[in-house]
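Q: Could you walk me through this structure, and spell out the cut-offs as you go?

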Amino acid sequence: MIKGSQSERRIFQDAIALGQLQKKCFSKRGIYKNSEAFYRSLSRVCFIPKIAGRRYTGEDLLELSLGQKEIAEEMFLSIDGQDPEAWLDELFRIGELAICPICNRIYQSYMVPECPLCRK
Ligand SMILES: [Zn+2]
């Protein structure tokens with residue numbers, strides 16, 4: 001085991017001991033996902049993609065989603081070990097999501113010819 005990952009593990013253990021992170025929210029692969037934190041408080045850490053990864057709060061996910069809660073929720077539920085930025089890039093690339101050039105919002109673009117948000 002490399003030295004770096006050992007000290008990171010230590011940081012996580014300290015955070016668990018301090019009650020900042022919940023042990024039960026770690027998956028076997030070292031991904032941290034806390035849905036209680038995500039749904040209850042934007043300022044709490046709800047997602048860590050890998051043991052050495054960045055800690056994301058609900059606010060971070062919401063910011064990446066341009067403030068759109070439904071996109072942030074989809075992101076939170078779908079991400080699994082990759083960075084949220086990479087998840088978002090991938091969905092833009094395959095055409096599941098798109099940013100509307102008119103209203104600058106993200107919409108589910110799969111089989112959708114135009115932005116459904118503008119029509120509301
Ligand atoms: Zn639009």
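A: One definition comes before the rest: a polar contact is a pair of N or O atoms within 3.5 Å, where within protein one must be able to donate a hydrogen and the other to accept it, and residues adjacent in sequence count only if both atoms are side-chain atoms. This is a predicted model, in which local features need pLDDT of at least 70 and side-chain atom pairs count only at pLDDT 80 or more, while totals for chains, interfaces and linings use all residues. Residues are numbered from 1 along each chain as its sequence is written, and side-chain values use heavy atoms, with hydrogens and water left out.

Q: OK, what does the side chain of Ser109 sit 2.8 Å from?
A: A polar atom of the Ser109 side chain lies 2.8 Å from the backbone oxygen of Gly95. Ser109 also touches Gly95, Glu96, Leu97 and Ala98, leaving out residues up to four places away in sequence, where contact means heavy atoms within 4.5 Å.

Q: And is Ser109 buried or exposed?
A: Ser109 counts as buried because its relative accessibility is 13%; buried means under 20% relative accessible area, exposed over 50%, and partly exposed in between, with a 1.4 Å probe and protein chains only. Ser109 is placed in the segment after strand E5 (106-108). Helices (H or I, at least four residues) and strands (E, at least two) are DSSP runs, numbered from the N terminus.

Q: Zooming out, how many helices and strands are there?
A: The protein chain has five helices and five strands, in the order α-β-α-β-β-α-α-α-β-β along the sequence. Its C-alpha trace spans about 50 × 30 × 20 Å along the principal axes, and 36% of the 120 residues count as buried. Among contacts between residues at least 6 apart in sequence, 30% join residues at least 24 apart.

Q: What coordinates the zinc ion?
A: The zinc ion is coordinated by the SG atoms of Cys100, Cys103, Cys115 and Cys118, at 2.2 to 2.3 Å. Donors here are N, O and S atoms within 2.8 Å of the metal (3.2 Å for Na, K and Ca), and sites may look incomplete because water is not among the atoms. Along the chain the zinc donors follow the spacing C-x2-C-x11-C-x2-C. Cys100 lies in the loop between strand E4 (97-99) and E5, and Cys115 in the segment after E5, so this pair ties together parts that are 15 residues apart in sequence. Both Cys100 and Cys115 are buried.

Q: Why is the zinc arrangement called tetrahedral?
A: The four donor atoms around the zinc ion subtend angles of 103 to 118°, and that makes the arrangement tetrahedral, since four donors count as such if all angles lie between 85 and 135 degrees. For reference, the ideal angle for four tetrahedral donors is 109.5 degrees.

Q: Switching to helices, at what angle do H4 and H5 pack?
A: Helix H4 (residues 69-78) and helix H5 (residues 84-94) pack at an angle of about 110°, with their axes 10 Å apart; axes are lines fitted to C-alpha atoms, for helices over the stretch in contact, and angles run from 0 to 180 degrees between N-to-C directions. H4 and H5 are therefore roughly perpendicular to each other, a label that covers 65 to 115 degrees. The contact is made by Glu74, Met75 and Ser78 of H4 with Pro84, Trp87 and Leu88 of H5.

Q: What about the loop between H4 and H5, where Ile79 is found?
A: Ile79, in that loop, is buried, with a relative accessible area of 1%. Leaving out residues up to four places away in sequence, Ile79 touches Lys33, Phe47, Pro84 and Trp87.

Q: And Arg93, buried or exposed?
A: Arg93 lies in helix H5 and counts as exposed, at 63% relative accessibility. The Arg93 side chain makes a polar contact with the side chain of Glu90 (3.1 Å).

Technical notes. Four donors count as tetrahedral if all angles lie between 85 and 135 degrees; four count as square planar and six as octahedral if opposite donors are over 155 degrees apart and all others between 65 and 115; anything else is irregular. Angles under 35 degrees count as roughly parallel, over 145 as roughly antiparallel, 65 to 115 as roughly perpendicular and the rest as oblique.
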